[in-house]
Amino acid sequence: MQGRERRLGWIARRAASTQSAIMIVGFCLALAVGGGGALAEVFVIGSSAAAFKPGMVLKDDATLNLPAGERLRVMLPSGRTQELKGPAAIKVSTLGAGEKRNDGLWNDVRRLVADQKSASESNIGAVRSVVPKSSSGRSPAHDTGRATEAQFSWRQVSIDSDGDVCVQKGAPLELQRSAPGRPISVAVVNLQTKARASTEFGVGSATTAWPQAVGVEVGRYSVVLPSGEKREIRLRPIDPLPAADDTIRLLHSQRCLKQVEAWLRGQSIAGR
């Protein structure tokens, strides 16, 4: 009887030991995957080198070989960006060591860059195939104030979309429209204080001064267009402004997503 009990006790201890070993191995594997995730890849957002195009994802076992004079801006999994200059041979695994991964930002940037690439290719094809020239040698779109993509700015607020806008605290602000053409008047309302003031875009002007009477404090504002349509904007004054490598992280953390898009577009163009 005692021998049987001893055997059962040994079996129970062995099972417990095996289960503990399995749990430890599983934990170590999870730790290895999770801990190394932040170093797994970088994302190309701007490049003057033919071998690297915006939107490319480079794994941590890759080596970046940059010729002399070429530049490459990449985003690390943390959301921090870094400019690399040639001549250089840089191992991806050495970039961003120890930085925490930001999957939300990483996924948003990949989507925005893919959307911009798709839109750019579609626009080029459309312009080549259907836009005629006017007698002056320019396209009709130029004569009528064709819409252009907004450039990144800490001081301009677009009237073409709703959302959060990060601005330089204490700096004079401007309203911006994407299709300069005929003169229009717009009203800006401070939704906290109810202060209201109007400003006018001149003929062919893409910008006009933000009306000082409504203030520039953090909070919600409404821009009323001539049609009666309204844009709701939340100003987010920033001081101090971030370094270039941290710009996209700050914009994303403040939900200034249109500016993330504009900043990415500017980096893509600058790298060409």
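Helices (H or I, at least four residues) and strands (E, at least two) are taken here as DSSP runs, numbered from the N terminus. The structure is a predicted model, in which local features need pLDDT of at least 70 and side-chain atom pairs count only at pLDDT 80 or more, whereas totals for chains, interfaces and linings use all residues. Residues are numbered from 1 along each chain as its sequence is written, and side-chain values use heavy atoms, with hydrogens and water left out.

An open sheet of four strands has the order E2-E1-E4-E5, and its pairing is antiparallel, two strands being paired if DSSP finds at least two bridges between them. Strand E2 (57-59) and E5 stand at the edges, each with a single partner strand, so that one side of each is left without a neighbour in the sheet. From one strand to the next the twist averages 35°, with axes being lines fitted to C-alpha atoms, for helices over the stretch in contact, and angles running from 0 to 180 degrees between N-to-C directions.

Within this sheet, strand E1 (residues 41-47) is joined to E4 by four bridges, the two running antiparallel; the bridge partner in E4 of Phe-43 is Met-75, and that of Gly-46 is Arg-73. E4 is also joined to E5, again in the antiparallel sense, by five bridges, and the partner of Met-75 in E5 is Thr-81. Four of the five residues of E4 are buried (under 20% relative accessible area, with exposed meaning over 50% and partly exposed in between; 1.4 Å probe, protein chains only), so E4 is largely enclosed by the rest of the structure.

The hairpin of E4 and E5 has five residues between the strands, and in it Gly-79 takes a positive phi near 100°. Arg-80 is found in the loop between strand E4 (71-75) and strand E5 (81-85) and is buried, with a relative accessible area of 18%. The side chains of Arg-80 and Glu-99 are joined by a polar contact of 2.7 Å, a polar contact being a pair of N or O atoms within 3.5 Å, of which, within protein, one must be able to donate a hydrogen and the other to accept it, while residues adjacent in sequence count only if both atoms are side-chain atoms.

A further open sheet is formed by five strands in the order E8-E14-E13-E10-E11, with mixed pairing. The edges are taken by E8 and strand E11 (196-201), each with a single partner strand, so one side of each is left without a neighbour in the sheet. The twist in this sheet averages 30° from one strand to the next. Strand E13 (residues 219-224) and strand E14 (residues 230-238) pair in the antiparallel sense over six bridges, and Tyr-221 stands opposite Ile-233 in E14.

The second largest pocket has a volume of about 530 Å³. Of the 27 residues that line this pocket, the closest to its centre are Ala-150, Gln-151, Ser-158, Gln-176 and Lys-258. On a 1 Å grid over the protein atoms alone, a pocket is an open set of points where a 1.4 Å probe fits, with protein on both sides within 12 Å along at least five of seven lines, and lining residues have an atom within 4 Å of a point. Strand E7 (156-158), strand E8 (163-168) and helix H5 (257-270) each supply at least two residues of the lining, and the largest share, five residues, comes from H5.

How values were computed:
Grid points are joined across faces, edges and corners, and a volume is the space filled by probe spheres set on the points.
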